[in-house]
Amino acid sequence: AQSARYQLLFQSIGLLFLLFALPCFVFVHEPRRPERAFSLGSFKAAWQQLTLTVQSSQRYPGLVRFLLGRLLYADAINTAVLFMGIYVTQELGYGFDAGEAQLVLPVAVGFAIVGGLLWSQVTDRLGPKRTLTLVLWLWVVILGGAALIGQFKLPGVWFWGVALLSGIALAGVWTADRPLLLRLTPPEQVGEFYGLYGMVGRFAAIMGPWLWAMVVDVWGFGRPAAMLVLMTAVVLSLIVLRPVSDAPRQWAVETP
């Protein structure tokens, strides 16, 4: 019965991916390009382009700090979301039965949809930098709260508040940090730096689970301590991002 529920869950996720991808398939058209076979030369050219992109990022104020800050907060947030189910069942099992534990993540995702609508308005009003700062402080509260609930065995029902806030805050990260990247990047290099932005996120997706495993399994400090480590990473990202300004740039003048 348990495996059948998991199969239904993955089938439902696959169906949702298909439904949400259909508008892109139908309405987004891209000109056909001649196919090019992969070769050692194309790999070298891609590596050289990546090197040039990393070097040129240092020419634009705030961009390197933003990417470093993103590495820290993406590491913490992605890891927290990834291990939320395990944290609920293993650390807070006294307050959740199996059915309730499986509902935590879907409920958080539902509130992320609502949060996306909310944070888009906040970003337009306050700007991406201030919005991102608010969102990251909210993540400090979320991760610290999760650690306290697990460490002191507080009533499991309190974790519902953490789950709801995490959904809202997750949407805030997506809504604020991409517009901030656009403020820090010259228009003709947006594609390059979005690639670098994505690469930082992929690296964080590797580093975060490794750090969690080190804290929980290798050093034996436990899952609440791992949550505090993630919270510390978010605090460090706030320190790194503090000098970054999202004031509009005059790219026509600054870019050669």
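Trainee: Are Asp177 and Arg70 buried or exposed?

Mentor: As a general idea, buried means under 20% relative accessible area, exposed means over 50%, and partly exposed is what falls in between, with a 1.4 Å probe and protein chains only. In this case Asp177 is buried, and Arg70 is buried as well. Bear in mind that this is a predicted model, in which local features need pLDDT of at least 70 and side-chain atom pairs count only at pLDDT 80 or more, whereas totals for chains, interfaces and linings use all residues. Residues are numbered from 1 along each chain as its sequence is written, and side-chain values use heavy atoms, with hydrogens and water left out.

Trainee: How many salt bridges does the structure hold, and with which residue does Asp177 form one?

Mentor: A salt bridge is a side-chain nitrogen of Lys or Arg within 4 Å of a carboxyl oxygen of Asp or Glu. The structure holds 3 of them; in one, Asp177 pairs with Arg70, with the closest N and O atoms 3.3 Å apart. Because Asp177 lies in helix α7 (residues 158-184) and Arg70 in helix α3 (residues 63-82), the pair ties together parts that are 107 residues apart in sequence. Helices here are DSSP runs (H or I, at least four residues), numbered from the N terminus.

Trainee: Which residues are linked in a network of salt bridges?

Mentor: The network links Glu91, Lys153 and Arg223. Glu91 forms a salt bridge with Lys153, their closest N and O atoms being 3.6 Å apart. Since Glu91 lies in helix α4 (residues 84-91) and Lys153 in the loop between α6 (128-151) and α7, this pair ties together parts that are 62 residues apart in sequence. Glu91 also meets Arg223 in a salt bridge (3.3 Å, N to O), and because Arg223 lies in helix α9 (residues 223-241), that pair ties together parts 132 residues apart in sequence. Glu91 counts as buried at 13% relative accessibility, whereas Lys153, at 46%, counts as partly exposed, and Arg223 is partly exposed at 23%.

Trainee: Which residues have the most contacts inside the largest nonpolar core?

Mentor: A nonpolar core is a set of buried Ala, Val, Leu, Ile, Met, Phe, Trp, Tyr and Cys residues joined through side-chain atoms within 4.5 Å. The largest one has 57 residues, and those with the most contacts inside it are Phe66, Tyr73, Trp139 and Phe159. At least two residues of this core come from each of α3, α4, α5 (98-126), α6, α7, α8 (190-218) and α9.
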